[in-house]
Amino acid sequence: PAAGPFTTIERHHPHQRRRYTGALSWKERHHLVLPQPTCVCCLTAWRVSTTWDTPSTGRLPLVSTLCRVCVDPISAFLLTLPAAVGLSAHPTAQPPVGHQSDSAEGHVSIPNSNSHVVCVPCDDTEEPSTESPSPLFNSNQNSNQQGRTGQRSAPRALLSQGLRLQDNIPWEVSSLFPANVDILCLEEVFDKRAAQKLTQVLRPVFGHILYDIGVYACQPPCSCSSFKFFNSGLFLASRFPVLEAQYHCFPNSRGEDALAAKGLLSAKVLIGQNQKQKKVVGYFNCTHLHAPEGEGEIRCEQLNMVIKWIGDFQAANRQNDEDVVFDVLCGDFNFDNCSPDDTLEQNHCLFEEYRDPCRAGPGKEKPWVIGTLLEQPNLYEDDINTAENLQRTLEREELRKQYISPPVPAGDCPLVYPETGQPWVGRRIDYILYRENSITKHCRTEIEELTFITQLAGLTDHIPVGLRLNVIMDSDCA
């Protein structure tokens, strides 16, 4: 029985409890044929009684349909490699990087626990090209550069009517995820069965998946105050082979946040080889910081740890015979760049190391930026309950401010927002940052596209973000 776009179902959900009007009767509840597709997380936790509202929508073909908790938030990263040398993914040029000795399983540094770090073989294959191989071999068989041998095609900024160019950054609000995402990161996949279902669905596209990262039980041992009921929630899917991976758990979590093993996941991925037979690699880091408002000191301590752990990971795994072409940090930071309550985090030295494309300075966003945190009570309003409606709403400031969470004032001080002549942005707590001082000297990166994605409307209170980086290498060194 489904009256309207949503069906109310009594079921257990491992993360939170919600109740909506129009619940089914006891008889209907126990003889319910679930709408398809359904939330893979809710579906696996069917037998315990808690009310959960399941959208019957099919707008997410890649990962089935997920409830809001399972996809909060999401980061999509795309990589464009040098135009000077071209790029080709010829299966005959070199066998894909091994799934044995070079797999993520063989090199991860994760505390002994029930965690799993899985390197999944990629199922999709293509016929070998008859063209001669490019000097740069790309080990990603699904690259968005596949089939291009002489030069990189024009950026989407020149091809898409939806893209706007401001502050030299092409950006758009899109109702669809970008095509050919290279690395996908989720921050709240706490349910292992949901992670396994995600892995099964993503396997044909992303050949290398890290999931169920974290620690359980008492951490450190015999410390009942730090008992971990959930893993870190971090989930990373990559088209590129994972050479090394390391996880660290934040030791300073408090309250309900301490029940999950939040931390940092760092990965080193193999992009391919240049014409000098040097490996081309990149570093990708994802994290989920402390959530409660008013506890900026904890988040700043965690940012300090993030900087140190990333530095240690790269120092331990950097080799002389390789070129590092990108260094990215993404995740749910749980603070924004407009709230007076987040002033401490806004001035953290992390933003001197990593570049934030959306940031004009501490406490000030660029005028075109859109907040990424939606007000939960309004998730199913007509203006934002479909991808297309949410896209239209985010593009209009008067509508946007009704649904994006406003800044958090500091203490009892009255909040004046926005300042005169400034646009209304709202809370942006989901970040994709990059830095250049850690990559090879003859390489540089530029932003080809930044995207605010509405495809998960009605399924999450976060707005996913995507970043496409263009890697430029000196032709005589590539």
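**Strand β17 and V325**

Strand β17 covers residues 322–332, and V325 is part of this strand. The structure is a predicted model. V325 has a relative accessibility of 0% and therefore counts as buried, the cut-off being under 20%. Between V325 and I271 there are 8.9 Å in space, C-alpha to C-alpha, although the two are 54 residues apart in sequence.

In soluble globular proteins, nonpolar side chains tend to be buried together. Here the largest nonpolar core holds 61 residues, and F326 and F452 have the most contacts inside it.

Leaving out residues up to four places away in sequence, F452 touches W171, E172, V173, S174, C358, W368, V369, I370, T372, I463, P464 and V465.

**A buried aspartate in a loop**

The loop between β21 (443–453) and β22 (465–473) contains D461. With a relative accessible area of 4%, D461 is buried, because the cut-off is under 20%. Its side chain makes a polar contact with the side chain of Q376, at 2.7 Å.

**Helix α7**

Helix α7 spans residues 387–394, and its buried residues are A387, L390, Q391, T393 and L394. Viewed down the axis of α7, these buried residues fall within an arc of 165 degrees, so they line one face of the helix. An α-helix has 3.6 residues a turn, so residues three or four places apart point the same way.

The elements that cover the buried residues of α7 include β8 (169–174) and α8 (397–403).

Conventions
Residues numbered from 1 in each chain as written. Predicted model: local features only at pLDDT ≥ 70, side-chain atom pairs only at ≥ 80, totals over all residues. Heavy atoms only, no water. Helix = DSSP H or I, 4+ residues; strand = E, 2+ residues; numbered from the N terminus. Buried < 20%, exposed > 50% of the residue type's maximum accessible area, 1.4 Å probe, protein only. Core = buried A, V, L, I, M, F, W, Y, C linked by side-chain atoms within 4.5 Å. Contact = heavy atoms within 4.5 Å. Polar contact = N/O pair within 3.5 Å; in protein donor to acceptor, adjacent residues only side chain to side chain. Arc of directions from axis to C-beta.
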